[in-house]
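Hi,

Here is the structure I promised to pass on. My notes on it follow below.

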Amino acid sequence: MTCSILVGGAWGDEGKGKCITYLCDNDKPDIIARAGVGPNAGHSVEFNGEKYGLRLTPSGFVHTGAKLMIGAGVLVNPDVLFKEFEDLKKYNVKERMCVDPRCAIISQDHMDRDVKSEHLAKKIGSTGSGCGPANSDRVLRTIDLARDTPELEEYITDVSLEVNEAIDNGEDVFIEGSQGFALSLYYGTYPYVTSKDTTASTFAADVGVGPTKVDEVINVFKAYISRVGEGPFPTEMTQEEAESKGLEEYGVVTGRRRRIGYFDMELAKESCRINGATQIALTCVDRLFDCARVQDYGELSAETKAFIEDIQTETGVPVTIISTGPDLKDTIDLRKELL
Ligand code: GTP
Ligand code: IMP
Ligand code: MG
């Protein structure tokens with residue numbers, strides 16, 4: 001039995017989508033539960049030559065033997081969910097989906113308030129998905145919940161109960177966090193953050209799992225850093241520098257160009273500490289070093305190994321997953337050796 005939580009180490013877009021897909025396809029957990037803020041997330045999944053950009057469906061959907069769940073803490077936009085059911089028809093996502101009755105519902109009004117707010121849309125650079133205004137209404141205790149939403153009736157399930165029963169029965173549970181540590185309302189670069197805490201403890205609470213039940217916290221970092229929206233970014237490089245290194249990126253939800261910077265060890269240390277990380281997954285290593293599609297640690301250059309070992313030494317957390325390309329096969333999995 002293992003209950004794992006995967007979290008983003010920086011400002012989101014660390015390549016969580018690829019890591020989750022790899023881990024779920026490989027480990028085949030019984031339940032894959034989505035935690036985090038809501039449909040402000042954009043996870044990229046490439047599987048069997050097809051690309052998906054997901055906002056609410058757990059990225060582990062590719063493992064068709066798992067039940068898929070959305071925990072009580074996550075904001076749900078039913079239109080986003082139903083569109084993903086259509087896009088992912090061949091994976092039977094609709095038939096496997098469970099939504100907690102306590103999830104709060106994003107309405108058109110929340111999206112309008114997000115987009116029209118000078119503060120959220122301009123100053124903070126929000127995603128416009130309505131999450132900030134929805135979480136604010138939740139705190140004011142005026143928002144509608146999934147239990148009162150007829151169109152969600154067939155998916156309503158007590159996610160916390162199912163997840164805890166699965167853990168008690170010795171099944172494997174995988175909890176997917178979204179966003180990233182530096183976007184946390186508590187620990188991030190306030191006010192340039194999202195509308196909720198985004199660390200492992202909150203992701204556990206999102207799906208109704210107590211801290212004593214969690215075995216592994218996998219913290220995902222990219223070999224460099226990206227940030228969308230406004231706010232401090234100590235290791236940021238110029239756009240020209242990013243282009244010259246081939247590190248140009250655009251957002252999945254908003255299409256905005258991402259700001260790019262160097263790996264930030266101080267941020268990594270703090271992120272591992274507050275998340276209680278037990279493992280690090282490092283993605284896009286091939287975009288910084290010449291190691292595309294390498295699947296064997298021994299084939300990495302001395303420079304690449306030194307970079308990885310430095311992260312391990314500084315954070316005190318083993319780098320167990322090294323991603324060298326978008327395909328699931330482009331992964332060095334050191335869990336057997338290091339854990
Ligand atoms: P999360 O929000 O953390 O889930 O990240 P993301 O999935 O949003 O990341 P992003 O939208 O930036 O997508 C990353 C893109 O890079 C996707 O097309 C992935 O398939 C791809 N990718 C993921 N890992 C790697 C990697 O190790 N190397 C390369 N070259 N590409 C990767
Ligand atoms: P909001 O969550 O839409 O209110 O946006 C607040 C800030 O968080 C903005 O800077 C967004 O770009 C950022 N943000 C929210 N979710 C994500 C994500 O999944 N990836 C990257 N940035 C995000
Ligand atoms: Mg993303």
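To start with a quick one: does Phe82 count as buried, partly exposed or exposed? Phe82 is partly exposed, because its relative accessibility is 24% (buried means under 20% relative accessible area, exposed over 50%, partly exposed in between, with a 1.4 Å probe and protein chains only).

Some housekeeping: this is a predicted model, where local features need pLDDT of at least 70, side-chain atom pairs count only at pLDDT 80 or more, and totals for chains, interfaces and linings use all residues. Residues are numbered from 1 along each chain, chains are lettered from A and ligands numbered from 1 in the order written, and side-chain values use heavy atoms, without hydrogens and water.

Back to the rings. Phe82 forms a tilted aromatic pair with Phe85, at 5.8 Å centre to centre and 45 degrees between the planes (ring centres of Phe, Tyr or the six-membered ring of Trp within 6.5 Å; planes under 30 degrees apart are stacked, over 60 edge-to-face, the rest tilted). Phe85 is buried, at 4%. The whole structure holds 13 aromatic pairs. Phe61 and Tyr91 make an edge-to-face one, 4.9 Å between centres and 80 degrees between planes, and both residues are buried. Phe61 and Tyr91 also belong to one aromatic cluster with Phe47 and Tyr52.

Then the metal: the magnesium ion (ligand 3) has Asp13 (OD) and Gly42 (O) as its protein donors, 2.0 Å away (donors are N, O and S atoms within 2.8 Å of the metal, 3.2 Å for Na, K and Ca; water is not among the atoms, so sites may look incomplete). Gly42 is buried, with a relative accessible area of 17%.

Cheers
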